[in-house]
Amino acid sequence: MKKLPLLLLFLPVSALVLGQEKKTTGEDAICHTSATEKFAMFASNKKFNSEHPSPRVYTHVSLAGGKMITFKTPDGVDANGYLLKAKSNTNNWIFVFQEWWGLNDNIKRSSEDLYNDLGNVNVLALDMYDGKVATDPKVAGQYMQEFKQDRGNNIVKGALMFAGPSAKVGTVGWCFGGGQSMQAALTAGNQAAACVIYYGMPEDKLDRLKNLHCDVLDIWGTKDGWINADVTRKFEDNMKAAGKKLTTKSYDADHGFANPSNPLGHFNEAAYKDSYKLTIEFFKSKLK
């Protein structure tokens with residue numbers, strides 16, 4: 001198997017995540033670790049953190065009436081989101097998922113771009129950190145490691161209740177949010193209409209993928225040392241085995257290439273523009 005680099009990274013951390021009292025192999029630990037936990041393990045690696053320089057300062061001023069809201073969740077703890085309401089009544093929704101920084105102004109800007117370019121659609125960026133936003137890689141890594149998928153699932157369920165039972169939902173996210181886009185599509189069940197993952201950890205458990213109700217667009221960079229060719233090939237194999245449709249698109253770019261707030265050298269404008277165009281086309285083809 002071509003997972004040795006990931007194995008070396010995951011082995012010491014996975015035992016802690018799983019709380020194993022008996023000795024297990026690194027491969028066994030990886031197989032029993034969720035996709036969210038696997039990605040969170042990256043935060044313990046100094047090289048991964050160093051490849052996430054603090055984002056450039058940006059203050060978003062909405063020209064489309066975007067505003068922060070709160071909504072109820074099944075676990076009884078209110079959740080937050082940044083909402084851009086469609087001009088005319090529609091059941092089409094896009095749920096947007098943050099990078100590991102949190103729901104910052106860059107995510108609000110990206111949400112507004114989607115809102116403007118998709119036309120008549122509701123866009124809701126979900127606050128998966130419950131109000132916490134980081135600007136330092138160390139703090140962002142801490143937040144990502146503290147995140148609990150059960151809470152994330154409840155936030156998504158609350159958003160689905162807010163959108164209504166007739167809502168058709170597309171999901172999109174970057175980095176940590178790319179994995180959450182995948183998890184949200186699974187949580188949405190037959191309300192899921194489309195899923196876009198930007199360099200996020202895909203679901204790798206076949207029993208879960210078999211319950212996916214939408215097509216997936218997976219976007220990644222060939223210079224990404226984390227969400228790499230091995231991860232992508234495994235995702236392709238698993239989606240095929242599950243009988244699901246997956247489109248992958250790679251760019252000669254690093255992890256985080258589609259974040260305009262990344263310092264120069266990390267943001268790849270050409271790859272960003274092309275991948276964004278594909279994203280818009282993908283959503284338009286699914287949200288009709």
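**Salt bridges**

Tutor: Start with Asp204, which is buried at a relative accessible area of 17% (buried is under 20%, exposed over 50%, partly exposed in between; 1.4 Å probe, protein chains only). This is a predicted model, where local features need pLDDT of at least 70 and side-chain atom pairs count only at pLDDT 80 or more, while totals for chains, interfaces and linings use all residues. Residues are numbered from 1 along each chain as its sequence is written, and side-chain values use heavy atoms, leaving out hydrogens and water.

Asp204 forms a salt bridge with Lys234 (a side-chain nitrogen of Lys or Arg within 4 Å of a carboxyl oxygen of Asp or Glu); their closest N and O atoms are 3.4 Å apart. Lys234 sits in helix α10 (residues 229–242) and Asp204 in the loop between β6 (192–198) and α9 (206–209), so the bridge ties together parts 30 residues apart in sequence. Helices (H or I, at least four residues) and strands (E, at least two) are DSSP runs, numbered from the N terminus. Lys234 is partly exposed, at 26%. Shared partners join Lys38, Asp204, Lys205 and Lys234 into one salt-bridge network.

Next, Arg151 pairs with Asp75, with 3.0 Å between the closest N and O atoms. This pair links distant parts of the chain, 76 residues apart: Arg151 is in helix α7 (residues 149–163), Asp75 in the loop between β1 (67–71) and β2 (79–84). Arg151 is buried at 13%; Asp75 is partly exposed at 32%.

Asp78 bridges to Lys72, closest N and O atoms 3.5 Å apart. Asp78 is partly exposed at 35%, and Lys72 is exposed at 58%.
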